[in-house]
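Good morning, and thank you for coming. Please look at the structure on the screen while I speak.

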Amino acid sequence: MVESEYKQDETKIYADRKGPAKMAEGIAMLRAYESSKPEDERICYDPYAIHFINPKILEYAAKHRNEANTTVENNSGSIVARVRYFDDFVKKLIENGLEQLVIFGAGYDTRAYRIEELKEKVKVFELDHPGTQSFKMEKIKEIFGSIQEHIVFVPVDFEKETFSEKLFSKGYNRSLKTLFIMEGLLMYITPNSVAETLSFIAENSGKGSAVIFDYFPESVVDGTNKLKIAQDIRNFAIQQGEPLQFGIKDGEFEEFLNTFGFSNIQNVTSEDYKKAYFHGKNENRNVCELLYFAHATIE
Ligand SMILES: C[S@@+](CC[C@H](N)C(=O)[O-])C[C@H]1O[C@@H](n2cnc3c(N)ncnc32)[C@H](O)[C@@H]1O
């Protein structure tokens, strides 16, 4: 598949889709591809991701299988590592008594449906743009017949509304031990929305609560990083109509989170996650050196 040819086709396919975020669908596609691999080869596993992909995209990928596989294989390393790292983090917190999970910009995140332990003990709040969320709710009903009781949907546009009132009105309890996931989100919202969200977390959650997110350095977002991969990431986001808006200045990561009052601040580099998950057949797989994961707690 020639890249420009794919982009043209993709634009036509999406032109008649209003509402759902393209990026959320793109990420689901990478999860679905990884999940189709044998158990001992895949980095992450999400059996439901396939349901969120436009059938026309699947048809296109099937027709151009080799090229599609190569493109996905070369560009999915950091994303599948992110899914796995965040999954492992959720599971560790469940073992340590997690009571509530809040997923900001949930998109087609399926953790609430595939991590069994959540179903018994943890209420899950999924926040996302109304357009993306209503499409997801339809799909969830198609897959499972209904929406499980432990899941609460909170439709919100972070740029236009205050999410806190909506969250409280849906039953969020500020004294519980809570994990906040922001996966593939912070880079797409304004610095003000990022600050509002992190302040809310620091001020409205029980002892031992935690936040996990990923980010790009600010130089990727403002275009001053001249690496080709940095320019490609920035231009791709613009092309998708979801331009990058927020990044963290090099060397200021810890200070940035400290200002909100977080503790146990940890920065996870591409070298760290490559070492943790990429063995055997995955040993030489590409990861994106500019995508960092981060987590911290509220004590
Ligand atoms: C790249 S997707 C990631 C989705 C999901 N977290 C994942 O990792 O698969 C970004 C998500 O953020 C949501 N989002 C972006 N800007 C938003 C906004 N202003 N208000 C609410 N949701 C937003 C999009 O709808 C989309 O679902």
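Predicted model: local features only at pLDDT ≥ 70, side-chain atom pairs only at ≥ 80, totals over all residues.

The axes of helix α2 (residues 22-35) and helix α5 (residues 77-95) come within 10 Å and cross at roughly 80°. Axes here are lines fitted to C-alpha atoms, for helices over the stretch in contact, and angles run from 0 to 180 degrees between N-to-C directions. The two helices, α2 and α5, are therefore roughly perpendicular to each other; that term covers 65 to 115 degrees. On the α2 side the contact is made by I27, L30, R31 and E34, and on the α5 side by I79, V80 and V83. Two residues are in contact if their C-beta atoms, placed from the backbone, lie within 7 Å. By class, this contact of α2 with α5 has five nonpolar, no polar and two charged residues. Ala, Val, Leu, Ile, Met, Phe, Trp, Tyr, Cys and Pro count as nonpolar, Asp, Glu, Lys and Arg as charged, and the others, Gly among them, as polar.

Residues are numbered from 1 along each chain as its sequence is written. Helices (H or I, at least four residues) and strands (E, at least two) are DSSP runs, numbered from the N terminus.

Let us turn to the domains. The domain assignment of the protein chain gives domain 1 (3-76) and domain 2 (78-298). Their centres, taken over C-alpha atoms, are separated by 21 Å. In all, 23 residues of domain 1 are in contact with 25 residues of domain 2. On the side of domain 1 that touches domain 2, α2 gives the most, with nine residues.

Where does the ligand lie? Both domain 1 and domain 2 give residues to the shell around the ligand, so it lies between them. The ligand is surrounded by 21 residues, and the closest are A21, M23, G105, G107 and G184; a residue counts if its C-beta atom, placed from the backbone, lies within 6 Å of the ligand. Helix α2 gives the most to this shell, with three residues. The shell divides into 11 nonpolar, five polar and five charged residues.

Finally, consider I298, in strand β7 (residues 292-298). Leaving aside neighbours within four places in sequence, I298 is in contact with I201, A202, S205, S209 and F262.

Methods:
Domains from an automatic or database assignment. Parallel < 35°, antiparallel > 145°, perpendicular 65-115°, else oblique.
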